[in-house]
Each structure stands twice: as C-alpha cells, then as structure tokens.
Amino acid sequence: MAAGGGIIANGTLDHEFYDLSDRRQPTRVNMQNNIRYELRGHWKHINAGNKPHYSVAISPDLTSINEKMKLIATCGGNTVSAFYVDTSAKHFDVKKRFESEDDSNDIVEDFYTCVFTLIVPPQTNGSVPTFEKVAYLAVAGLRGVMRLFRFNEDRMEHVSGTPCHAKAINHMVIHPKQDDIILTGSEDYIIRMWRIPAVNLIAQIINEGGPMDRGIICMDVHQSGDWLITGDKAHHICIYGRLPSFNGAAGIHRETVPIFSTNTIHAQHIDCIKWYGDIIMSKSCENEIIAWKIGDVKDSLKDGLALEHRHFHPRTTVIMKLRQDHLDIWFVRFGLSLYPGRCRLVVGNMVGGLVVWDLVQRTYCTFQSKSKGGVIRQVACRCNADFVLLKEDGRIEYWGARFT
C-alpha cells in the first residue's frame with residue numbers, strides 16, 4: 001500500500017499502529033455494535049463446465065473513471081470475469097461485465113488466483129504521453145501461465161499470456177512499493193518476480209535446501225517491501241529478504257536460502273498468510289487463524305530475525321488465535337484491511353458463515369452470508385474495510401462497512 005495510507009509514513013512502519021503485544025483476546029459483540037456491515041449487492045457467475053471458483057479481487061481506487069465505480073474480478077475453471085459496480089447506492093447493480101475463456105487445446109486451464117494493480121501503461125509510437133494509471137488484472141492457475149488484462153470503461157483487453165512456471169501457479173501478489181512488479185508462487189516451489197505489462201523476469205527465489213514437491217500455496221510481501229513470506233503444503237513458513245529494489249537494474253536477482261524457516265506454527269497445509277505490520281497472520285485447515293511474531297512479542301521484525309540468526313533456530317511467539325468453526329478445509333483465504341482505525345480481518349467458512357475481527361478494538365462478530373450455505377473460498381478487502389466474498393459455486397457478495 002502506498003505511503004499516505006497510514007501504514008507507512010516517511011518510509012518507516014508505524015509499529016504502534018499494529019500493537020497487539022498485550023495479547024488481549026478479542027471479545028465477541030453483536031454486529032449492531034462497533035462492527036457494522038450492510039449488504040450492498042450480490043450476483044452469481046457460472047463458468048464453463050461449472051467448475052469451482054477460487055479467487056476474487058477488487059481493484060484499488062480507479063483515477064481514470066468515476067471514483068464510485070469499482071472493478072471486481074473472479075476466476076474459476078477456464079473463465080475470468082470482471083464487473084464494474086457502482087458503490088454510490090445502498091444497493092448497487094453490476095454496470096458492465098466482461099468475460100474471457102482460455103480455449104487452449106492441450107491442457108484445460110483451471111484458474112486459481114487473480115490480482116489487480118494500477119500502473120501507467122507503456123507508450124506506443126505516435127501516442128500522446130500520459131501519466132494516468134489504468135487497471136491491469138493478472139490471472140493464473142493450473143497451466144503455470146500468467147494472463148494479463150487491461151481495462152478501460154469500454155472493454156477488457158487481453159494483453160498477453162506468458163508461461164511463467166513449469167507447474168501450477170497457486171498465488172500471486174503485487175509488490176507493495178512497486179505496482180508494476182508481480183510475484184508468482186508455484187507448485188514447482190519457485191517464486192518469481194515479473195515486471196508488467198511486458199512480463200519480464202527480474203528475480204527468482206528457489207529454496208534449494210528444501211524438498212521440491214511441497215509447493216508454494218500462499219505468500220505476502222512486507223509493507224516495507226523488504227521481506228517475502230511463504231506458506232506451503234508441508235506446513236513450512238519461510239521468509240526471504242531483504243528483497244532488492246528494482247528501478248531499471250539489469251540482470252536477474254536470485255535468492256536461494258531463506259533467512260527464517262519454521263514448521264511449528266501449523267500442522268497442515270498453509271493456505272493463507274499476510275503481514276500485519278511485523279505480526280504474521282497465518283491460516284491452515286485447523287479452524288483458526290494464528291497471529292504470531294518472530295522473536296519476542298516486543299521485538300521488531302528486524303530484531304527478531306537477527307536473534308533467530310544468532311541462535312540458529314526459529315524462536316516464535318504466538319500472540320493470539322482467532323477461531324472460526326467449519327474452517328477445516330484448505331484453499332480458503334481471508335481478507336485483511338489495513339487502514340488506520342479500520343484494521344479488520346474477515347474470513348468465511350465451508351457453510352457460508354463469516355467472522356469479522358476488529359484488530360483495533362479487539363472485538364469480533366459472526367454472521368451469515370446472504371446466500372446461505374456453500375464454501376466461501378476467498379474474501380477480498382478494501383482499505384475502507386468493505387469486502388467482497390466469493391463462494392465456490394460462483395456466488396458473489398459485496399458488504400459495506402459502517403463506522404459510528
């Protein structure tokens with residue numbers, strides 16, 4: 001997230017903003033109290049073959065069109081869909097809808113992950129220079145191919161389809177400091193960094209000391225842009241850093257040894273992991289999300305990593321465990337909103353239930369999705385704490401946050 005959003009100020013992290021050091025557990029409240037949400041819209045998308053939907057993404061604020069219009073994208077099977085929605089009304093409708101199908105004949109595509117970013121498009125010969133950012137959507141899955149789409153008000157343009165890995169791409173993230181850099185994590189246990197829209201490889205990370213058959217499922221980049229954290233099928237969590245800065249530098253950066261690794265936080269597949277300041281939020285199929293730190297609860301990430309390096313064994317501190325019933329399945333991803341005063345974590349479960357944790361007030365509430373039942377595969381949050389949920393059968397809901 002860019003500076004000015006309250007997370008990074010003057011190039012340094014506001015650690016007080018993420019302070020959970022007292023380990024006070026969240027208290028359950030009714031949704032009518034300080035955690036309030038209202039359903040703004042819901043619709044359903046069915047892909048070819050009626051295959052499961054796995055990923056949903058919501059665009060950052062679009063400067064090129066009405067600020068109340070948002071782009072939402074979903075993927076599943078061989079289909080990616082995008083929707084322009086107007087959030088100005090209490091209940092909004094889908095204004096425009098785009099679809100694209102992968103019709104390759106060799107291996108049938110099954111998309112697992114999608115992500116938006118806003119970048120200034122490259123200039124073509126004879127075009128008028130512009131510094132206005134436009135939305136790009138990256139989608140990938142079973143075939144290890146990243147498909148890139150560009151949007152404007154009138155169309156969804158397929159820009160490229162680039163082979164990026166020998167096996168499936170399970171997750172993609174945008175670099176928090178450089179919007180034109182995307183990271184791909186794969187079943188081949190390799191993480192690669194690409195500069196878009198040209199999709200040029202600029203770095204790759206290979207854990208040469210680990211087994212190559214455990215596959216990267218999830219990852220995240222620290223808000224400072226310095227550290228990459230990954231989770232895999234063998235319940236290992238690894239941190240790589242410091243990540244290099246890419247400002248036109250030539251050559252491909254290569255990282256082979258993690259600076260931190262542990263397999264003691266979870267006992268099964270790790271399918272979602274995110275930074276919350278220097279705190280790590282991670283989830284497996286164990287009916288809980290764990291908030292933990294490297295080193296002691298008061299240590300900064302830098303100090304914790306330095307302490308771990310001196311003692312040659314991982315030292316971790318569990319801060320709290322956020323429970324959610326009916327969450328003992330994998331490939332279910334939570335959403336995290338990081339705006340000051342509105343830090344909320346939202347996760348669904350396999351019966352259509354939702355839990356929202358207010359990480360500032362240390363409270364939580366539970367409620368049922370509008371379309372009751374069904375596995376909620378992913379929740380995507382906006383910085384204002386609004387969120388979009390996607391169910392496995394293609395049902396989509398947009399919930400707006402209310403603050404009093």
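1. The model is predicted, so local features are given only at pLDDT of at least 70 and side-chain atom pairs only at pLDDT 80 or more, while totals for chains, interfaces and linings use all residues. Residues are numbered from 1 along each chain as its sequence is written, and side-chain values use heavy atoms, with hydrogens and water left out.

2. The protein chain has one helix and 32 strands, where helices (H or I, at least four residues) and strands (E, at least two) are DSSP runs numbered from the N terminus. Of its 404 residues, 59% count as buried, a term that stands for under 20% relative accessible area, with exposed meaning over 50% and partly exposed in between (1.4 Å probe, protein chains only). The accessible surface of the protein chain comes to about 16,700 Å², and 47% of that belongs to carbon and sulfur atoms, with areas taken from the Shrake-Rupley method and a 1.4 Å probe. Among contacts (heavy atoms within 4.5 Å) with a separation of 6 or more, 56% join residues 24 or more positions apart.

3. Strand β16 (residues 200-206) is largely enclosed by the rest of the structure, because five of its seven residues are buried. Strand β15 (residues 190-195) runs antiparallel to β16 and is joined to it by six bridges; pairing of two strands requires that DSSP finds at least two bridges between them. Trp194 stands opposite Leu201 in β16, and in the hairpin of β15 and β16, with four residues between the strands, Val199 takes a positive phi near 55°. β16 also pairs with strand β20 (residues 253-255), in the parallel sense and over three bridges, and here Gln204 stands opposite Arg254 in β20.

4. Strand β18 (residues 227-232) and strand β19 (residues 237-241) pair in the antiparallel sense over five bridges, with Trp227 opposite Gly241 in β19.

5. Tyr240 is found in strand β19 and counts as buried, at 1% relative accessibility. Leaving aside neighbours within four places in sequence, Tyr240 is in contact with residues including Ile205, Asn207, Trp227, Glu255 and Pro258.

6. The largest nonpolar core has 23 residues, of which Tyr276, Met281, Ile289, Leu345, Val347, Trp357 and Leu359 touch the most other members; such a core is a set of buried Ala, Val, Leu, Ile, Met, Phe, Trp, Tyr and Cys residues joined through side-chain atoms within 4.5 Å. The largest share of this core, three residues, comes from β25. Apart from it lies another core, of 17 residues, among them Ala73, Ala82, Tyr84 and Phe149.

7. His165 lies in the loop between β12 (156-163) and β13 (169-174) and is buried, with a relative accessible area of 7%. Leaving aside neighbours within four places in sequence, His165 is in contact with Arg143, Gly144, Thr184, Ser186, Asp188, Ile190 and Arg192.
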